Amino acid sequence: MTIRTGGCLCGARAYEIDGDLEGVWVCHCSLCRKASGSIGNAILIVPKDRFRWVKGEDHGVTFALRPTYTITRCKTCGTPLPAEADARNVYVTAGTLDTPLGKGVRTRLFCASRADWDRDEPDVRRFDERSS
């Protein structure tokens, strides 16, 4: 069975996921854009029985922004980490994976709420590494 690992920037929190996943979900709602500071939240939906903390389970802080919207972050580095607000699933922030997923974006939510700048210009520049 495939085991994928992930964690925060400072290494205080780490997790494992058992098995394959369908792909990434991207939410473009205004809450997810604000929480991420980017186009939205990219998450993996993982059944609870396939997710486990291997380090720092108690090293997170959860912000309850609304009754139905929470954000969990590492207490030290602030990395947004898996949310366990659901009885069945854990919502893993895709950018915290350390091992390849082998899948792309599968679902986009709240597309009508996308920021107007969330698109490439026709003459977009692309770099394999940081530009100079």
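Colleague: What does Val 92 touch, not counting residues up to four places away in sequence?

Modeller: Val 92 touches Tyr 15, Ile 17, Ala 42, Ile 43, Leu 44, Val 46, Phe 51 and Pro 82. Contact means heavy atoms within 4.5 Å. A word on sources: this is a predicted model, where local features need pLDDT of at least 70 and side-chain atom pairs count only at pLDDT 80 or more, while totals for chains, interfaces and linings use all residues. Residues are numbered from 1 along each chain as its sequence is written, and side-chain values use heavy atoms, leaving out hydrogens and water.

Colleague: What makes a set of residues a nonpolar core?

Modeller: The set holds buried Ala, Val, Leu, Ile, Met, Phe, Trp, Tyr and Cys residues, joined through side-chain atoms within 4.5 Å. Buried means under 20% relative accessible area, exposed over 50%, partly exposed in between (1.4 Å probe, protein chains only). The largest such core here has 18 residues. Those with the most contacts inside it are Tyr 15, Ile 17, Leu 44, Val 46, Phe 51 and Val 92. Strands E2 (14-18), E3 (24-27), E4 (41-47), E5 (51-55) and E9 (89-93) each supply at least two of its residues. A second, separate core has six residues, including Cys 29, Cys 32, Tyr 69 and Ile 71.

Colleague: Why is His 28 called buried?

Modeller: Its relative accessibility is 0%, so His 28 counts as buried. His 28 lies in the loop between E3 and helix H1 (30-36). Helices (H or I, at least four residues) and strands (E, at least two) are DSSP runs, numbered from the N terminus. Among the residues that His 28 touches are Arg 33, Phe 110 and Asp 118.

Colleague: How do you know that E7 and E8 pair?

Modeller: Two strands pair if DSSP finds at least two bridges between them. E7 (residues 69-74) and E8 have two bridges, in the antiparallel sense. They therefore count as paired. In E8, Leu 81 is the bridge partner of Thr 72.

Colleague: Why are E6 and E8 at the edges of the sheet?

Modeller: The open sheet runs E6-E7-E8, with antiparallel pairing. Strand E6 (60-66) and strand E8 (80-81) each have a single partner strand, so one side of each is left without a neighbour in the sheet.

Colleague: Which residues of the second core did you name?

Modeller: Cys 29, Cys 32, Tyr 69 and Ile 71 are included in it.
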